[in-house]
Amino acid sequence: MESLIQIINKLQDVFAVIGEHKIDLPQIVVVGSQSSGKSSVLESLVGRSFLPRGTGIVTRAPLILQMIRYTTEERDNVIKLTKNNDIKSWATFLHKPETIYDNFDEVRYEIEKQTDVLAGSNKGITHESIVLKVFTLSYDLTFVDLPGITKVPVGDQPEDIDEQIQELILKYVQLENSIILAVVTANTDPTTSESLKIARKMDPNGIRTIAVVTKLDLIDKGTIQDTTELLCGHKIPVKLGIIGVVNRSQKDINDNKSMKETLKSEKDFLRLHYPDIYKKHGNKVLAKTLQDILVKHIKKTYPILHKNLQDTKTRLETELKTLQTPDSKVSFILNLLKNISKSYTDTILGNRKDVSDTIVMGGARISEIINEEYLDKINQINPLHDLTDEQIGVILLNTSGITKSSFVNEKALEHMISRQLSNLIEPSMSSVDFVRVEMLKIFDAIDENVLETLKRFPRINSDVRNVLNNMLDKNLNNLKDFIESFIETYQSCLNTTNPNFLIQLVRSSSDFQDANIAAFMSNNSIKNTENHKCVSLEDNKKKENENYIQLFKQMLSGINDLDNDIETSKQVKIHKSLTQCYFDFIKEIIRDFVPKRIHHKMVKLVLETFEQELDEKVFTPYVINRSFEEVMTEEEGVIDERQKIEEMLNAVNIALKNMVDIQCF
């Protein structure tokens, strides 16, 4: 039976083929600064020298290194293919699966060659990975080797190379299923280690971080004690352990020192310098520890990974269904248009099942515009905006002409009220515009699947949007004309005898009433005034209101001439008060009428006729012109997207099939 790690390797292979994906696989991610000894650690674990070396950035693409313990049968098959009876380890690349490498110098060359293919021949990096399988008798392990952390660009390296590398590293280490293998050098302060900084950032509690301390043989003898404390975990807060290793030096590499000799030298060094803890360190201990950690991690993360794959499968199947080419183009378009109309209507009427809990949208947003926002604007309008006492006085004089002014100058009052009512037109027109804009926005908030299907076909998408846009424009102009005419009616037809207006005058402030009546009474002989006062004293409100109404009717009749000695300021005050009161009276009517008219003649009308308009203006012309093939030409990139989803779905299905084996462990 295959090991758990080999099963995960299969999953890596599957998803590496399709490139970018969001499947979080259990894996060990190797992070370290340039020249920290990352390559030496990996080569010691594999037991072969195969990684590119040199100055600057050598690793420029993620290298997924899979160590696989082969069976006798697998080795026999390879011997037949290679004709090499002495073969003990070999390698293959996922991008060249048929080629078997038993010379690891050629493996190094192929890594360099494929890196140039993926990242270019300059010093840039790439997120595309290289998958290398090394078949050995040593261990089952899998790593992701990433570019070494650097701060200063060298040679042809891009100026932002440090940011590019950080971004690539974070892409892997931020995944919850990744184990972080942080490579730290013994001859530097661990608190300044870039790999540990990244590990602490992405794994602050250290629960998925293991540290490897390299270059133990390069420290001063006087710092042995400090290094011992480091290896014992007193300086680095990681939960998976700290293991020190001694790898080949550059001289050892130049002298072709074997891995077997290197491991022996490492063991002797550790026993000599760290006698109390040497059994807990070294490359062999590291390999065994990593293998145990990875197996436990795979078992732990299996349920989450399995659920992630199942959820991804469901999502991809839904997306693919949306992107499928229909068998019947006629019925497809007809159903699409009906679904568009229904979803648009449901969004405005609040009948959607997927109700948003973050933003106000659809019909609720329209209601906000025509009720709350519009009413706020209307209520904030000052009835006497840009109308001063001096202006009122001039208007009174100019409208009197050569005749003697009446107590209430109707021409002046009509002029002022008409002027002030014009302030209601702009916010009413704007409210219509805002609703139109919102109704267009709502179209982009209909059912996501319907919208995505529509976007696949640019011609249909354009035709449908044009229909909605034309409907709104037509209703917009008619509605604006009607509302403006409605307000103009009240501007030109002043009716101060309207019972409702008179009642509003009665209900206005007592100061206003008393001032007007006092001014009127001071120049006119009104019968039964004393009776009016008695009625007031007796709290007979009904009789009092009737008397007030009679007084206002006489004031507004315009038949009572002013005495010559009447103060102009009193007449200004009366006209000012009447203008304000009449404005408020008409404003009440307008702010009730406009929202209802918008709802009735724009929102409701569009909802009732949208499906019919789509049928007449979109579907019927397609039938008449027999243009179904033409209009169903897909948007550029949809075919590629469909193929990508199909490949991803196939990969997920293969992954789920492979994961069945994990349940046996």
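Guide: Lys215 sits in the loop that runs between β8 (209–214) and α7 (224–231). The model is a predicted one, and what follows should be read with that in mind. Lys215 is not a glycine, yet its phi is positive, near 60°. Its relative accessibility is 25%, so Lys215 counts as partly exposed, the class that lies between the 20% limit for buried and the 50% limit for exposed.

Thr301 belongs to helix α10, residues 283–323. With a relative accessible area of 4%, Thr301 is buried, because the limit for that class is 20%. Apart from neighbours within four places in sequence, Thr301 touches Pro26 and Asn177. Asn475 is part of helix α17, which covers residues 458–492. Its relative accessible area is 10%, so Asn475 is buried as well. Again leaving aside neighbours within four places in sequence, the residues in contact with Asn475 are Lys601, Met602, Leu605 and Val606.

Helix α10 comes up again in a helix pair. Helix α2 (residues 38–46) packs on α10 at an angle of about 80°, and their axes are 10 Å apart. That angle makes α2 roughly perpendicular to α10, because the class runs from 65 to 115 degrees. On the α2 side the contact is made by Val41, Ser44 and Leu45, and on the α10 side by Asn283, Leu286, Ala287 and Leu290. Sorted by class, the contact of α2 with α10 has 5 nonpolar residues, 2 polar ones and no charged ones.

A second pair is formed by helix α13 (residues 389–400) and helix α14 (residues 410–421), which pack at about 135° with axes 8 Å apart. At this angle α13 and α14 are oblique to each other, and α13 passes α14 in a right-handed crossing. In α13 the contact residues are Gln391, Ile392, Ile395, Leu396 and Thr399, which meet Lys411, Ala412, His415, Met416 and Arg419 in α14. The contact of α13 with α14 divides into 5 nonpolar, 3 polar and 2 charged residues.

One more helix deserves a stop. Helix α24 spans residues 638–659, 22 residues in number. From its first C-alpha to its last it reaches 31 Å, close to the 32 Å expected at 1.5 Å a residue. Its buried residues are Val638, Arg642, Ile645, Met648, Leu649, Ala651, Val652, Ala655, Leu656, Asn658 and Met659.

Now the whole protein. The protein has 24 helices and 9 strands. It has 665 residues, and 48% of them are buried. Taking contacts between residues at least 6 apart in sequence, 80% join residues at least 24 apart.

Note on methods. Residues are numbered from 1 along each chain as its sequence is written. This is a predicted model: local features need pLDDT of at least 70, side-chain atom pairs count only at pLDDT 80 or more; totals for chains, interfaces and linings use all residues. Side-chain values use heavy atoms; hydrogens and water are left out. Helices (H or I, at least four residues) and strands (E, at least two) are DSSP runs, numbered from the N terminus. Buried means under 20% relative accessible area, exposed over 50%, partly exposed in between (1.4 Å probe, protein chains only). Contact means heavy atoms within 4.5 Å. The expected span of a helix is 1.5 Å times one less than its number of residues. Axes are lines fitted to C-alpha atoms, for helices over the stretch in contact, and angles run from 0 to 180 degrees between N-to-C directions. Angles under 35 degrees count as roughly parallel, over 145 as roughly antiparallel, 65 to 115 as roughly perpendicular and the rest as oblique. A crossing is left-handed if the near helix is turned anticlockwise from the far one by less than a right angle, and right-handed if clockwise. Ala, Val, Leu, Ile, Met, Phe, Trp, Tyr, Cys and Pro count as nonpolar, Asp, Glu, Lys and Arg as charged, and the others, Gly among them, as polar.
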